[in-house]
Amino acid sequence: MRRVAIALILAGLCAKPSFTLAAAPNTAAARALGGELSNVNLDGVGFADAIDYLRDLTSANININWRLLQEKNINKDTPVHVKLRAVSMRKALQLVLDEVGGSTPLTYFIDQGVIEITTQEAADAKLITRVFDVGDLIVDIPDFAGPSFNLTQNSSGGSSGGGSGSNSGSSGGLFSNTNNTSNTDKPST
């Protein structure tokens, strides 16, 4: 019941009207990104062909936002020069995107099981909602009585008047002077 309530509360805090859960780490796309590629040889291959090669190796669903990339002068024939051995798909994909992007940073994110390739600017503008179970962090704090302070305890000792703040009594109150020395200013020598 708490999980549903937390999800509904988070849904109400979202900036977008629709509420979607982000891809869980065990989706096929996340598993594909974590998989290891034994040999990646992309020497002078076009960007679209390089992504097709990675897609065929991993069977991952990969979508490229070509319209946005073409506005940044990145097209399907942009050459890729990446040679790797025993590397994760995540690293290989990021190296391909770094090679192609140049001065325009490219990135990817997982949206409903699809690896979306786009510019860093467009990815940063996209709202991704993640729901975490925080039930183990929620604890009931017991109501307990704290210490009591009696600030009027030393009022019977009296003061020297005029608001000097000195205490001539030695009743041992909260702010009493324990060594009974006065704090008068002494001339400097």
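Which backbone oxygen lies 3.0 Å from a polar atom of the side chain of T78? In this predicted model, the backbone oxygen of N75 is the one at that distance from the T78 side chain. T78 itself belongs to the loop between α4 and β3, the strand that covers residues 79-88, and T78 counts as buried because its relative accessibility is 17%, where the cut-off for buried is under 20%.

**Salt bridges**

- A search of the whole structure finds 5 salt bridges, among them the bridge between E71 and R67, whose closest N and O atoms are 3.4 Å apart.
- E71 and R67 both lie in helix α4, where they are 4 residues apart, about one turn of the helix, and both of these residues are exposed.
- K72 forms a salt bridge with E121, with 3.9 Å between the closest N and O atoms; K72 lies in the loop between α4 and β3 whereas E121 lies in helix α6, so this pair ties together parts that are 49 residues apart in sequence.
- K72 counts as partly exposed because its relative accessibility is 35%, while E121, at 58%, counts as exposed.
- The side chains of K126 and D111 meet in a salt bridge with an N to O distance of 3.8 Å, and this pair links distant parts of the chain, with K126 in the segment after α6 and D111 in strand β4 (residues 106-111), 15 residues apart.
- K126 is partly exposed, with a relative accessible area of 30%, and D111 is likewise partly exposed, with a relative accessible area of 26%.

**A contact across the sequence**

- L68 and T119 are 51 residues apart in sequence, yet their C-alpha atoms are 7.5 Å apart in space.
- L68 is placed in helix α4, and L68 counts as buried because its relative accessibility is 14%.

**Positive phi angles**

- Most residues other than glycine have a negative phi.
- S59 is not a glycine, although its phi is positive at about 60°; S59 lies in the loop between α3 and β2, the strand of residues 62-64, and S59 counts as exposed because its relative accessibility is 66%.
- A86, also a residue other than glycine, has a positive phi near 45°; A86 has its place in strand β3, and A86 is exposed, with a relative accessible area of 51%.

**Nonpolar surface patch**

- F132, V134, L137 and I138 form a nonpolar patch on the surface, and together these residues have about 400 Å² of accessible area.
- Within this group, L137 lies in the segment after α6, the helix of residues 120-125, and L137 counts as exposed because its relative accessibility is 64%.

Methods
Residues are numbered from 1 along each chain as its sequence is written. This is a predicted model: local features need pLDDT of at least 70, side-chain atom pairs count only at pLDDT 80 or more; totals for chains, interfaces and linings use all residues. Side-chain values use heavy atoms; hydrogens and water are left out. Patches are made of residues with over 30% relative accessible area and no salt bridge: like charges are joined within 9 Å, nonpolar side chains (Val, Leu, Ile, Met, Phe, Trp, Tyr) within 5 Å. Accessible areas come from the Shrake-Rupley method with a 1.4 Å probe; for residues, only the protein chains shown count as cover. A salt bridge is a side-chain nitrogen of Lys or Arg within 4 Å of a carboxyl oxygen of Asp or Glu. Helices (H or I, at least four residues) and strands (E, at least two) are DSSP runs, numbered from the N terminus. Buried means under 20% relative accessible area, exposed over 50%, partly exposed in between (1.4 Å probe, protein chains only). A polar contact is a pair of N or O atoms within 3.5 Å; within protein, one must be able to donate a hydrogen and the other to accept it, and residues adjacent in sequence count only if both atoms are side-chain atoms.
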